[in-house]
Amino acid sequence: VRSHMSEQLTSQEVIQLTKDHNYGTWRKQKFWNPNHLVSADGCYFTDGNGKKFLDFSSQLMCSNLGHNNKAVIESIKKQAETLAYAAPFYATTARAELSKLLLEVLPEGLTKFFFTTSGTDANEAAFKIARMYTGKTKIISRYRSYHGSTAMSIAATGDPRRWPIEPRGKGQGIIFSPEVNCYKCPLKHSYPECGIACADYLDYMIANEGDVAAVIVEPVVGTNGVLIPPKGYFKKLREVCDKHGVLLIADEVMSGWGRTGKWFAIDNWDLKPDILTTAKGITSAYVPLGLCATTQKIADFFEDNYFAHGHTYEAHPMTLGPAVATIGEMRRLNLVDRANEIGAYLGEKLNALKPKHPSIGDVRGIGLFWAVELVKDQKEKTPFNTWQEKLDGKPIVVEQIAARMLGEGVVMQAWMSHFVLAPPLIVE
Ligand code: PLP
């Protein structure tokens, strides 16, 4: 397009055309005020005014390798020149190479792969697989969760982003369980005296609901505040699922790829899920790739049963080749260990802020994945804003602070009453 444009657009025109002719965020369109991003390098990007920003949220917690990685860029060029597209029923070199690498880095037992173009449709695949495999319908998700934005995955999203599409979402067979949040337990318990009551509650839910195909969890909840389950939780959850013949889906779209200081968050607890979904860091967001990985046992079922699923862009070579390069770069730069090293330093500095600021309720994190939760008062743990206020477009305190930070040249993810701090794993 550019070579056919007689004049280059000004930044103002870029912003106006974008706003006038695109849908933007899940909030009301009139509150969408995009910045014009021009270029990015390492942990920084530059806007149309030449201002440089430190990308302290890795865009949407996905640019793990940072921007302008030469090896990944080369792999994109090479793939485009060699084989830019192939329909999903072909074998391709990129597909074979990536499969081989995935067997090395994914948690043990996940050996069969379905490639998508986002985390959302990786979860769509997971839901369909779980239903076809078990012959059951219901999916249990959690209130503080995000699983994507298509009809089914937004219905499975617990946070109130789903409200505008309800009651249709409710018809999709999703039920919600309380989140696992030891800072502010929805069951009003405290760990370890609780004996992990949240896992027992799930047992109770499944027994009383019946017809449950799967439980989907973000092993470390991302957007909704870096919620890290207590020790012993996943062991109990696995037992509960096995007891009821329910599949366990680990949504590692955000928590995977070194973010938590292991290749995958579940590696921190040795959890063996039946299905793992991921996206984002799999290509460090250079190209759009998602993955739904299952055990051989599930895959075997589809040897004799029709796998009613697929996309034109499934296993798109342009996404698979760069994923091979991304994993290679993660290994070369030792980024999984680095997430632990730098993350420990970041955590120390964030924790040091807490005693000085009465508005900081909690600082929590794992690897290079941290949240700072703000509260009106530390004892009551009252958040600054409600969901309804956000949906109505009312000022949100953390967003106002993030806007100030943006003015200072630092980008952080602000959500309801907390910040998610997740810089690229190459951050100095
Ligand atoms: N699941 C989780 C845990 C996510 O954080 C996201 C996106 O932020 C998704 C699913 C959806 O992925 P995508 O935006 O690639 O469709």
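A residue is taken as buried if 20 or more other C-beta atoms lie within 10 Å of its own, with C-beta atoms placed from the backbone. By this criterion, Gly 119, Thr 120, Asp 121, Ala 122, Asn 123, Glu 124, Ala 125, Ala 126, Phe 127, Ile 129, Ala 130 and Tyr 133 of helix H5 are buried in the predicted model. H5 is thus mostly covered, with 12 of its 16 residues buried. The helix comprises residues 119–134 and reaches 22 Å from its first C-alpha to its last, close to the 22 Å expected at 1.5 Å a residue. Gly 135 follows H5 and has a positive phi, near 70 degrees.

For the protein as a whole, buried residues account for 43% of the 428 residues. The secondary structure consists of 13 helices and 15 strands. The C-alpha atoms fill a box of roughly 65 × 60 × 45 Å along the principal axes. The radius of gyration is 22 Å, which agrees with the value near 22 Å for a compact globule of 428 residues. Among contacts between residues at least 6 apart in sequence, 71% join residues at least 24 apart.

Helix H7 (residues 197–209) packs with helix H8 (residues 233–244) at an angle of about 15 degrees, and their axes are 9 Å apart. Because angles under 35 degrees count as roughly parallel, H7 and H8 are roughly parallel to each other. Their crossing is right-handed. On the H7 side, the residues in contact are Ala 199, Leu 202, Asp 203 and Ile 206; these meet Tyr 233, Lys 236, Leu 237, Val 240 and His 244 of H8.

The second pair is formed by helix H3 (residues 70–82) and helix H10 (residues 317–332), which pack at an angle of about 150 degrees with axes 8 Å apart. Since angles over 145 degrees count as roughly antiparallel, H3 and H10 are roughly antiparallel to each other. The crossing of H3 and H10 is right-handed, as is that of H7 and H8. H3 contributes Ala 71, Val 72, Ser 75, Ile 76, Lys 78, Gln 79 and Ala 80 to the contact. These residues meet Pro 317, Met 318, Gly 321, Pro 322, Val 324, Ala 325, Thr 326, Gly 328 and Glu 329 in H10.

Technical notes: Residues are numbered from 1 along each chain as its sequence is written. This is a predicted model: local features need pLDDT of at least 70, side-chain atom pairs count only at pLDDT 80 or more; totals for chains, interfaces and linings use all residues. Helices (H or I, at least four residues) and strands (E, at least two) are DSSP runs, numbered from the N terminus. The expected span of a helix is 1.5 Å times one less than its number of residues. The radius of gyration is taken over C-alpha atoms; the globule rule is 2.2 Å times the number of residues to the power 0.38. Two residues are in contact if their C-beta atoms, placed from the backbone, lie within 7 Å. Axes are lines fitted to C-alpha atoms, for helices over the stretch in contact, and angles run from 0 to 180 degrees between N-to-C directions. Angles under 35 degrees count as roughly parallel, over 145 as roughly antiparallel, 65 to 115 as roughly perpendicular and the rest as oblique. A crossing is left-handed if the near helix is turned anticlockwise from the far one by less than a right angle, and right-handed if clockwise.
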